[in-house]
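Reader: I would like a close look at one part of this model, and then at what surrounds it. Please keep it brisk.

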Amino acid sequence: MKKILSAFLLLSFALFFSQKEKSVFWQDIQNFKKLDQKTPPPKDAILLIGSSSFTRWTDIASYFPDKTLINRGFGGSRLTDLNDFATDLLDPYQPKQIIIYCGDNDFADNHQLKAKVVVERYKTFYKKVRERFPDIEIDYISIKFSPSRKILWPQMKETNKKIAAFMKKEKNAEYIDITKAMEDANGNVRRDLFLEDMLHLTPEGNKIWADVIRPYMK
């Protein structure tokens with residue numbers, strides 16, 4: 001009886017902490033739902049899913065005036081969060097294309113995390129997207145090399161390489177590499193493209209991203 005009780009308590013704690021972890025972004029998801037209720041999302045739009053690089057790009061529509069965008073980035077999110085909330089992030093929409101930027105927060109959350117783990121997290125989310133939308137284009141923007149996270153660059157580089165190889169084999173899928181565009185003539189990451197936190201982009205950084213992304217947009 002004691003063993004059964006102990007197992008039950010352990011399971012209860014595990015479920016509690018799992019739910020607690022997922023609930024960190026619960027309010028963000030509810031805000032998306034409110035936005036959709038207030039203004040029904042348009043069909044055949046380009047759906048942006050990911051972390052703060054999308055969240056903080058509040059004027060992204062002005063960079064692509066001829067495109068219809070739905071921005072569903074939520075700051076601090078990891079690929080695990082995209083997987084946890086996949087249904088909420090995908091089911092309300094009927095996009096013609098999905099562009100994903102996520103992954104660097106996975107490493108920031110755990111500096112010991114291996115690239116292969118993050119790649120598998122991405123593949124899991126990609127599969128969920130593809131199950132929901134079998135034929136649309138799915139694009140992944142490479143993890144940017146933020147100066148504040150330089151210690152994590154080796155894992156990020158390996159992750160980018162593996163995801164690029166994966167996307168190359170997939171139909172209606174593209175890997176969007178923003179790495180070179182963010183470097184100077186000597187191949188160094190341009191610090192002037194980042195805000196003081198050396199993590200998030202300046203308007204100039206966003207402009208460079210827009211120039212790289214634009215040719216991939218449907």
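Where is the place of M217 in the chain?

Author: M217 sits in the segment after α10. First, the ground rules. This is a predicted model, where local features need pLDDT of at least 70, side-chain atom pairs count only at pLDDT 80 or more, and totals for chains, interfaces and linings use all residues. Numbering starts from 1 along each chain as its sequence is written, and side-chain values use heavy atoms, with hydrogens and water left out.

Now M217 itself. Its relative accessibility is 9%, so M217 counts as buried. Buried means under 20% relative accessible area, exposed means over 50%, and partly exposed lies in between, with a 1.4 Å probe and protein chains only. M217 touches I46, F64, K67, L69, Q97 and I99, leaving out residues up to four places away in sequence. A contact here means heavy atoms within 4.5 Å.

Helix α10 covers residues 203-213, and its buried residues are G205, N206, I208, W209, A210, V212 and I213. Their cover includes α3 (52-55), α4 (60-63), β3 (97-101), β4 (137-141) and β5 (173-176). Helices (H or I, at least four residues) and strands (E, at least two) are DSSP runs numbered from the N terminus.

Step back to the whole chain. It has 10 helices and 5 strands. Of its 218 residues, 46% are buried. Take contacts between residues at least 6 apart in sequence: 72% of them join residues at least 24 apart.

I29, Q30, F32 and D36 are buried in α2. Viewed down the axis, the buried residues fall within an arc of 155°, so they line one face of the helix. The arc is taken over directions from the helix axis to the C-beta atoms. These buried residues pack against β2 (69-73) and α6 (86-90). K34 and K38 are exposed, on the face turned away from the buried side of α2.

Then comes a loop. D44 lies between α2 and β1 (46-50). Its phi is near 60°, a positive value in a residue other than glycine. D44 is also among the contacts of Q94, together with K43, A45 and F133, leaving aside neighbours within four places in sequence. Q94 is in the loop between α6 and β3. Its relative accessible area is 46%, so Q94 is partly exposed. Q94 and P41 are 53 residues apart in sequence but 8.4 Å apart in space, C-alpha to C-alpha.

Last, a helix pair. Helix α8 (residues 115-132) packs with helix α9 (residues 153-169) at an angle of about 35°, and their axes are 9 Å apart. Axes are lines fitted to C-alpha atoms over the stretch in contact, and angles run from 0 to 180 degrees between N-to-C directions. The α8 side brings A115, V118, V119, Y122, K123 and Y126, which meet Q155, E158, T159, K162, I163, F166 and M167 of α9. Those contact residues divide into 8 nonpolar, 2 polar and 3 charged. Ala, Val, Leu, Ile, Met, Phe, Trp, Tyr, Cys and Pro count as nonpolar; Asp, Glu, Lys and Arg as charged; the others, Gly among them, as polar.

N172 has a positive phi of about 50° although it is not a glycine. At 43% relative accessibility, N172 counts as partly exposed.
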